[in-house]
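Subject: Structure for you to look at

Dear colleague,

Please find the structure below. My notes on it follow.

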Amino acid sequence: IAINGSNVTLTPTAAAAASITNLTSSAFLTAAGSKVTIVAKVKDQYGAAYANQTVTPTISGRNSGLTLSNMVSDASGLVTFSYTDASTSTTRIFTF
């Protein structure tokens, strides 16, 4: 996921988790200094929601100096995290 020139990578730490799907809009604009919230769904090898899986978010690019805490997927397999865009860059692009 790339937001405002920053790349966010979500990595399941349990070997059995098969995928993480971004549920956030695939394209939006944010102002520098604004709050960014990402929702993703952890799925098992059969495509079903996978609860209680630790997910480690990492950011590269313009917000690479930010550190995010690990998250655990809820009963629906969802993880939600937010961060404040720390950059003053005027680049405002999100892609998935």
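I begin with Ser73, whose side chain reaches the backbone nitrogen of Gln53 at 2.9 Å. The side chain of Ser73 also reaches the backbone oxygen of Tyr50, at 2.7 Å. Both are polar contacts, which here are pairs of N or O atoms within 3.5 Å; within protein, one atom must be able to donate a hydrogen and the other to accept it, and residues adjacent in sequence count only if both atoms are side-chain atoms.

A word on the source: this is a predicted model, in which local features need pLDDT of at least 70 and side-chain atom pairs count only at pLDDT 80 or more, while totals for chains, interfaces and linings use all residues. Residues are numbered from 1 along each chain as its sequence is written, and side-chain values use heavy atoms, with hydrogens and water left out.

The loop around Ser73

Ser73 sits in the loop between β6 and β7. Strands are DSSP runs of E with at least two residues, helices are runs of H or I with at least four, and both are numbered from the N terminus. Ser73 has 2% relative accessibility and therefore counts as buried; the cut-offs are under 20% relative accessible area for buried, over 50% for exposed, and partly exposed in between (1.4 Å probe, protein chains only). Apart from neighbours within four places in sequence, Ser73 is in contact (heavy atoms within 4.5 Å) with Val42, Tyr50, Ala51, Asn52, Gln53, Leu78 and Val79.

Asp74 belongs to the loop between β6 (71-72) and β7 as well. With a relative accessible area of 36%, Asp74 is partly exposed. Its side chain reaches the backbone nitrogen of Leu78 at 2.8 Å. Beyond four places in sequence, Asp74 is in contact with Tyr50, Ala51 and Asn52. Asp74 and Gln53 are 21 residues apart in sequence, and their C-alpha atoms are 8.1 Å apart in space.

Asn52, a contact of Ser73 and of Asp74, is in the loop between β4 and β5. Asn52 is exposed, at a relative accessible area of 61%, and has a positive phi of about 60° although it is not a glycine.

Strands and core

The protein has eight strands and zero helices. Strand β7 covers residues 78-84; Val79, Phe81 and Tyr83 make up its covered face, and Leu78, Thr80, Ser82 and Thr84 its uncovered one. In a regular strand the side chains alternate between the two faces of the sheet. Strand β4 (residues 35-43) pairs with β7 in the antiparallel sense over seven bridges, where pairing requires that DSSP finds at least two bridges between the strands.

Which residues have the most contacts inside the largest nonpolar core? They are Val8, Leu10, Val55, Met71, Phe81 and Tyr83, in a core of 13 residues. A nonpolar core is a set of buried Ala, Val, Leu, Ile, Met, Phe, Trp, Tyr and Cys residues joined through side-chain atoms within 4.5 Å. Two or more residues of this core come from each of β2 (6-12), β4, β5 (54-61) and β7, and β4 gives the largest share, four residues. Val8 lies in strand β2 and is buried, with a relative accessible area of 3%. The C-alpha atoms of Val8 and Asn63 are separated by 9.2 Å, though the two residues are 55 apart along the chain.

Overall values and confidence

Of the 96 residues, 33% count as buried. The protein exposes about 5000 Å², of which carbon and sulfur atoms supply 52%; the area comes from the Shrake-Rupley method with a 1.4 Å probe, and for residues only the protein chains shown count as cover. Among contacts between residues at least 6 apart in sequence, 64% join residues at least 24 apart.

The mean pLDDT (the predictor's confidence in each residue, from 0 to 100) is 75, and 71% of the residues reach 70 or more. Confidence is highest in β6, at a mean of 90, and lowest in strand β8 (residues 94-95), at 36. Over residues 91-96 the pLDDT is below 50, and beyond near neighbours in sequence this stretch has 28 contacts in the model.

Regards
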